[in-house]
Amino acid sequence: MDISVVNALTYEEFVNLFGNVVEKCPIISAAIWSHRPFKDLADIEAHIMGFIHSLPDSGKEGILRCHPDLAGRDLQSGTLTRESREEQSQAGMTTLDSAEIQHMYRLNSKYKERFGFPFVICARLNNKADIVRQLNERLKNDRAAERERAIEEVKKICSLRLNNIVLSDIQTKL
Ligand SMILES: NC(=O)NC1NC(=O)NC1=O
């Protein structure tokens, strides 16, 4: 990708292209657009991470709350974003049997009850067994540690989505 192409985008085009690198949080790409010109993709990523880090705890938790549950209602009803659907599919969440869906539902509910935000993990970097194991493990954290842990996962998801855009989407969307 030529970064000059990205730097020449209007904010509408920029938000259209990068708006979902953090799930359902286009405000982040809308905010960082004003930092153009970007040096490269890593620079865009650094601005996104900087924005997230500048948020108060309530803002970070708000970002987490924009994420759909793994194997949750949005997946079952076909209302996931394209990115999330691909990620959940890669982690095996789209081929669970009904007992496994129930198990995920119970774990997700327990997690949300404890922390007040949904369990978030980079699905592309974890398989079904990893996800269940980490959900059980992370339930033992305190809220502050878990908030930071979950934001680390958001960053991984964001980084992979950014790379994906550069590799495949930029040609078709521009
Ligand atoms: N809850 C949760 O982790 N959701 C997600 N993870 C991921 O990689 N994509 C998602 O939508």
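Here are a few notes on the ligand site and the cysteines in this predicted model.

1. Ground rules. Because the model is predicted, local features need pLDDT of at least 70 and side-chain atom pairs count only at pLDDT 80 or more, while totals for chains, interfaces and linings use all residues. Residues are numbered from 1 along each chain as its sequence is written, and side-chain values use heavy atoms, with hydrogens and water left out.

2. Who surrounds the ligand. The shell is Pro68, Leu70, Ser84, Glu87, Phe119, Val120, Ile121, Cys122, Ala123 and Ile157, each with a heavy atom within 4 Å of the ligand. By class that makes eight nonpolar, one polar and one charged; Ala, Val, Leu, Ile, Met, Phe, Trp, Tyr, Cys and Pro count as nonpolar, Asp, Glu, Lys and Arg as charged, and the others, Gly among them, as polar.

3. Polar contacts (N or O pairs within 3.5 Å). The Glu87 side chain puts an N or O atom 2.6 Å from a ligand nitrogen. Of the 290 Å² of accessible area the ligand has on its own, the protein covers 100% (Shrake-Rupley, 1.4 Å probe).

4. Cysteines. Cys25 is buried at 7% relative accessibility, whereas Cys66 is partly exposed at 25% (buried is under 20%, exposed over 50%, partly exposed in between; 1.4 Å probe, protein chains only).

Key
A polar contact is a pair of N or O atoms within 3.5 Å; within protein, one must be able to donate a hydrogen and the other to accept it, and residues adjacent in sequence count only if both atoms are side-chain atoms.
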